[in-house]
Each structure stands twice: as C-alpha cells, then as structure tokens.
Amino acid sequence: MKKIVCFMLIVCLSAMYRPTVYAVEEGAKKEETLAPYFFIPGADPSVDRLPLKGTEVQTSISGIIAETYVTQTYANEGARPINASYVFPASTKVSVHGMTMQIGGQKIRAVIKEKEEAKQEFKDAKNEGKNASLLEEKRANVFTMDVANIMPGDVVRIELHYTEMVEVSEGICRFVFPTVTGPRYAGTVSETDRIEGDWVESPYLEEGIDPDSTYDITVNLSAGVPIADLASRTHDVGIEWKKNSEAKVTLSDSGDYAGNRDFILEYRMNGEELASGLMLYEGEEENFFLLTVQPPARFEPKEIVPREYLFVLDVSGSMNGYPLETAKELIRNMVGNLRETDCFNVFLFSDVVSEMSLKSVAATEENIRCALDLIDMQEGGGGTELAAALDEALQSPAPEDAARSVVVITDGYIYDEEEIFQRVRDSLGEADFFSFGIGSSVNRSLMEGIAGVGMGETFIVTGEEEAEETAKRFRTYIEAPVLTDIQVSFEGFDVYDTEPSGVPSLYAQKPVVLFGKWRGAPEGTIRVAGRTGDSDYVQEIEVSETEPSKENEAIRYLWARKKVEALTAYGYAAADERTKAEITKIGLAHNMVTPYTSFVAVAETVRNPERESTDVDQPLPLPQGVSNYAVGGYLFGAEPGEVLLAVLAVLALLTGAVRRRTV
C-alpha cells in the first residue's frame with residue numbers, strides 16, 4: 001500500500017506543472033515582476049543592437065595570487081549613435097581596482113568616485129554628447145558596464161584590472177573565471193528594489209544561440225614549484241610549457257564560444273604540499289600581511305554521530321534539462337549511501353514547495369527508494385522560491401539525537417540573496433549548511449554565501465560525471481572535519497583589522513587564510529591552534545623570517561575585498577549609513593569598485609553634438625546547459641483534466657507522505 005501511495009504521490013506532484021515560455025519585445029519592461037526577457041532583433045537596421053564585439057582575458061598567476069586584465073571591445077556598426085549597457089560576472093572575491101577607456105587615439109584612465117557622484121558625472125557626459133564609461137558593482141559577482149555616445153564607426157576598448165586569490169582545496173589549485181551572468185528569478189519586487197537592481201531585467205539570446213562576439217582567454221601560470229595535472233575540464237585548451245613550473249594556457253578551439261560557461265583551470269603542485277607562509281607589504285601609510293597555514297592530514301573518526309540530512313532541491317525552470325539531471329545524479333549518490341543510523345527528508349522547490357514527508361524518515365532501503373523515485377520524476381519548471389523551501393525545511397521537527405545538516409542543491413539563479421542569508425543566519429547553532437552549485441555558470445556568490453554564513457562548505461558540480469565523487473567528498477567532509485576550534489594569536493607582532501575576524505571549522509583540506517594590517521617592526525610569532533579529531537594542533541610562524549616586499553602590493557587589494565565582504569555579509573550591505581560610509585572609504589582609499597564606489601571615465605571632446613542616441617542593452621547568451629525555461633519558466637495552473645490529479649494529491653497529503661505549499 002505504501003508503494004502505491006508513493007507512486008501516486010510522485011505522479012500527482014509531477015503532473016501539476018505545465019510549460020509556458022514568454023518573450024518580450026526588446027526594450028519592453030515587465031510591469032508586475034522584475035525578470036529577464038528574450039532578445040528579439042529590432043526592426044531598425046540603423047541601430048547596432050549587438051555592440052560588444054569581443055572580450056579578451058589575460059591572467060597572470062604567481063603563487064596563489066592571480067592578476068587579470070579584461071578588455072571589452074565595443075563597436076557601433078549601425079548608422080546612429082548608441083549607448084551600450086552590458087551585464088557581466090566576476091569571481092565573488094575579485095578586487096577590481098583599475099579601468100581605462102580607449103577611443104581613437106585617446107586613452108583615459110577612469111577615476112574611482114562615490115557611486116552616486118560617478119553616476120551623475122556619467123549622465124552629464126552622456127547628455128553633453130561626450131564619450132564616457134561607467135563601471136558599477138551590482139552584486140559581489142555581478143557588474144555592469146555602460147558606455148555613452150558610441151558614434152557610427154567608433155571602436156571603444158575598456159580595460160579592467162582584477163586581483164584575486166586562487167582557490168586551493170585537497171591539494172588542487174583551481175582558478176575560476178566566470179564568463180556569463182545567468183538569468184535571475186526575482187518574483188514580485190517593490191518599486192524601490194526595481195530601481196536599485198534593474199540589471200536583472202536583462203535580454204538573453206535563446207537556448208543554443210551564441211553571440212557573434214569573440215571571447216578569448218589566456219593564463220600565464222608561474223607556480224614556483226613543478227606543476228602537475230594542469231588541465232581545464234570546461235574548455236579545450238592548449239598548453240605551452242616554458243619550464244616545469246611555468247606554463248601558458250590558451251583556448252585551443254576558436255570556433256567553440258568560450259563565453260557561456262565558467263572557465264575552470266586546475267593543477268597540482270607535483271606532489272609538493274603548498275607550504276605555510278607569510279607575505280608582508282610595507283606601504284606608505286599602512287602595512288598589510290597575508291598568512292596561509294596548511295592544515296594537518298584528515299583524521300579517521302572513531303565515532304560518527306547520527307545525522308539528519310535535509311535535502312533542499314531546486315526543480316525550477318532554470319534547472320530544466322542537464323542541470324536537473326546532474327542534480328538527480330548527485331542526490332542519488334548522497335541519499336543512496338546514507339547509514340542506517342541517519343535520517344533524511346527531501347524538499348523540492350520551484351513556485352511551490354513539496355516535502356517527501358512531514359518529518360525526516362529513517363534511511364531504510366524503502367524510504368530511499370521512494371525518495372529517488374520522487375526525484376527522478378522531476379523535469380524542472382517555475383520560479384525559484386528558495387527562501388520558502390528553507391522555511392519549510394527548518395521548521396520541520398528535528399530528531400533529538402542527530403546533528404542536522406541542510407544541503408541546498410541549486411544553480412542559484414535568484415535575485416534576493418540577502419533573504420536567503422538571513423534565513424541561514426537565523427538558524428546558526430541549529431544546523432550546518434552545505435551548498436551544491438549545479439551547472440556551467442552557477443551563482444557562486446549565493447552558493448559561497450550560504451556555506452560561509454552557515455559554517456559549512458561549498459561544492460560546484462558542472463556535470464553528471466562529477467556527481468559520484470562530489471557526493472563522496474561531502475560525506476568525508478561532514479563526518480571528519482580537518483580542523484575545528486581554530487584560534488589565531490599574535491605574540492610580539494602588532495596587528496589590527498584582521499579578516500576574517502574568526503576562522504570557521506575546516507571541512508575541506510585547504511589552507512587557513514588570514515589578511516590584516518601591522519605596525520612597527522615585522523617581528524614576533526603567529527600561532528595557529530585547533531583540534532584535529534581528539535588531538536591538539538599547533539603551528540607557529542616566526543615573522544622575522546619574512547622580509548616585506550613591494551611586489552606584494554596586491555595584498556592590500558585582497559584585504560580590502562575581504563573587509564568589504566565582511567561588512568556587506570557576502571555582498572549585501574545592511575542599509576545603515578555607517579556601514580555605507582565605511583565601505584565607501586575603503587573603496588576610495590584602495591581605488592576599488594564596491595557597492596558604493598564606481599569607476600567613471602569621461603572624454604572632454606563632444607563627439608555627439610546633436611545629443612541624440614539610442615540606449616541598447618547587450619543581450620547575454622544563456623549559460624551552457626541552461627534551457628529557455630530559465631527565462632519565463634513553468635507556470636502552475638490546473639486545467640480541467642488536472643482536477644482529478646489534484647484530488648489524488650489531496651489524498652496523498654492526508655497520508656502524511658508529503659506536503660505541498662504554493663508560494
């Protein structure tokens with residue numbers, strides 16, 4: 001009887017969605033919701049609707065610090081002046097601290113200014129008919145570029161300068177360069193939010209259509225020690241070895257458009273462990289340091305406490321197709337390998353939230369099979385109401401003798417990340433949070449924020465072939481953290497403004513990274529202590545053994561980015577004036593783009609004396625593997641023939657096997 005109820009329940013939940021996709025005329029705005037729309041070529045051939053002609057990425061990696069120059073080339077091949085607007089992503093930890101604009105023989109270095117001042121200067125220049133460009137941060141990993149008065153025949157080159165740290169985990173160094181911003185589900189938003197975040201109303205090309213523009217990526221890697229296993233699992237690359245510790249990586253297939261998925265480059269240090277170390281920079285007014293400490297080897301736990309796993313799975317429109325199939329394979333590996341002492345529940349969300357059970361159930365063979373059958377029937381459709389799904393999961397009854405872990409599985413294509421972070425903050429102490437980003441261009445800001453606020457770990461899964469290994473890593477991490485109760489102290493070394501202020505437990509075997517400022521002489525001892533299993537762990541570093549170097553100037557930009565991240569709670573600042581003022585001060589002092597500081601470049605020559613121009617939003621490609629359902633999606637609606645299924649769903653609800661809530 002239970003098997004019949006489970007089967008009927010799965011059929012009912014899957015059948016109550018019907019697909020609808022909308023396309024909006026270019027330039028039109030949706031009245032009721034803030035949402036992306038499909039690009040439809042305009043009827044006016046005199047206006048160039050695709051002004052971005054190429055993107056060139058040049059990255060140099062030295063040790064664990066990456067410096068990137070991104071050059072965007074805009075051209076007006078139409079017959080009328082245009083103003084181009086372009087939305088593009090970056091790493092969540094990138095510091096953008098340089099910008100230049102080149103048009104004709106003139107090269108103009110952009111100036112960092114308070115956000116509203118920069119916007120007004122750009123607007124004035126635009127109205128006066130001058131060439132101008134404006135770079136704004138909309139999210140920690142989303143930026144907009146506006147270029148004014150591109151005249152017919154003009155070619156404009158905008159160069160941006162980034163600095164960031166390379167991610168290191170389990171002995172693998174991983175450089176990630178996001179290339180496209182995926183469509184964001186915003187639901188219904190207020191007029192205030194609409195004005196502040198209208199970048200979400202972006203045009204997208206339909207599935208399978210790539211832009212005519214070019215996208216080129218080159219990485220020059222200098223590791224300092226021999227490199228092994230250098231490869232990209234996202235792009236076909238050519239590798240030119242200069243010596244065993246240096247290599248040049250380029251895209252090998254010019255016909256394969258590179259700008260529709262994250263570029264991921266991975267390498268190992270040829271059996272060498274990354275050493276713990278200290279880097280010092282002595283500036284004119286302030287001194288900065290960067291500390292990296294390698295954790296001990298992972299221990300084998302003697303006892304594994306029972307755990308409750310709440311799997312929160314995204315089945316919205318943007319997950320339709322390959323992302324959802326990848327998520328299914330991932331959760332199949334996680335749920336299918338639970339211990340008998342564990343319990344679990346599954347929450348599916350799109351426009352509605354569905355629970356497998358009123359409360360978590362034992363990880364028996366029958367319950368696992370029912371969960372997998374339920375998941376297998378999902379196709380993907382509707383909006384992305386993650387906040388409602390977290391509410392349902394966190395409000396479910398918790399077992400007394402099991403540690404609760406919330407596992408969020410999504411591509412992260414939502415607008416209001418702060419709402420999610422608040423849910424996580426409110427539940428600290430009650431659960432650990434782990435995030436799994438699914439897809440070729442996930443919203444890493446959301447995924448990293450969930451795990452960062454929730455004291456957990458982030459996993460990015462780009463394809464089904466990674467699902468089994470990722471699930472295995474997750475179980476290893478959660479059962480045996482590498483280092484807990486981490487404390488960093490300074491003896492005889494005068495430090496201040498350290499970031500992060502507290503170091504969370506290490507689940508993955510990756511270095512403890514600490515930024516800060518120092519006064520006086522570089523001397524004394526830094527002591528890092530913690531617990532590994534049932535043993536104490538201590539590592540000490542003598543400061544006097546490290547000489548300050550002018551070549552370490554990038555540390556100050558990395559510190560500034562980390563400080564802003566802390567002040568804004570992973571990119572979303574509280575609306576108090578004190579916080580805004582502090583972030584603005586950091587941006588201006590470090591020549592860095594923040595939520596409240598922007599780069600603006602203005603040419604003095606009036607190029608468009610008629611002062612008539614057309615605004616053009618550069619359309620974006622859909623990320624690789626993301627279907628048209630991400631723009632619009634599935635709408636819930638009960639046709640007459642679906643009434644019977646609805647009745648059956650109510651019967652299923654009465655069995656207590658599942659709950660379904662319309663958002």
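Contacts and backbone features in a predicted model

In this predicted model, the side chain of Glu128 makes a polar contact with the side chain of Lys130, at 3.2 Å. Glu128 belongs to helix α2, which covers residues 115-128, and with a relative accessible area of 31% Glu128 is partly exposed. Once residues up to four places away in sequence are set aside, Glu128 touches Val606, Asn608 and Arg611.

Arg444 has a relative accessibility of 10%, and because buried means under 20% relative accessible area, Arg444 counts as buried. The side chain of Arg444 makes a polar contact with the side chain of Asp262, at 3.1 Å. Apart from neighbours within four places in sequence, the residues in contact with Arg444 are Thr92, Asn141, Val176, Asp262, Ile264, Gly449 and Ile460.

The axes of helix α4, residues 322-335, and helix α5, residues 365-376, come within 10 Å and cross at roughly 175°. Because angles over 145 degrees count as roughly antiparallel, α4 is roughly antiparallel to α5. On the side of α4 the contact is made by Lys328, Ile331, Arg332 and Val335, while α5 contributes Ile368, Ala371, Leu372, Ile375 and Asp376. Sorted by class, this contact of α4 with α5 has six nonpolar residues, three charged residues and no polar ones.

The backbone is the last topic. Most residues other than glycine have a negative phi, and most peptide bonds are trans. Against that background, the peptide bond from Glu499 to Pro500 is cis, with omega near 0°, and Pro500 lies in the loop that runs between β30 (495-499) and β31 (512-518). Met455, a residue other than glycine, has a positive phi, near 60°; Met455 is located in the loop between α8 and β28 (458-461), where Met455 is partly exposed, with a relative accessible area of 42%. Asn591, also a residue other than glycine, has a positive phi as well, near 55°. The loop holding Asn591 runs between α11 (577-589) and β34 (597-606), and Asn591 is partly exposed, with a relative accessible area of 30%.

Conventions: Residues are numbered from 1 along each chain as its sequence is written. This is a predicted model: local features need pLDDT of at least 70, side-chain atom pairs count only at pLDDT 80 or more; totals for chains, interfaces and linings use all residues. Side-chain values use heavy atoms; hydrogens and water are left out. Axes are lines fitted to C-alpha atoms, for helices over the stretch in contact, and angles run from 0 to 180 degrees between N-to-C directions. Helices (H or I, at least four residues) and strands (E, at least two) are DSSP runs, numbered from the N terminus. Angles under 35 degrees count as roughly parallel, over 145 as roughly antiparallel, 65 to 115 as roughly perpendicular and the rest as oblique. Contact means heavy atoms within 4.5 Å. Ala, Val, Leu, Ile, Met, Phe, Trp, Tyr, Cys and Pro count as nonpolar, Asp, Glu, Lys and Arg as charged, and the others, Gly among them, as polar. Buried means under 20% relative accessible area, exposed over 50%, partly exposed in between (1.4 Å probe, protein chains only). A polar contact is a pair of N or O atoms within 3.5 Å; within protein, one must be able to donate a hydrogen and the other to accept it, and residues adjacent in sequence count only if both atoms are side-chain atoms.
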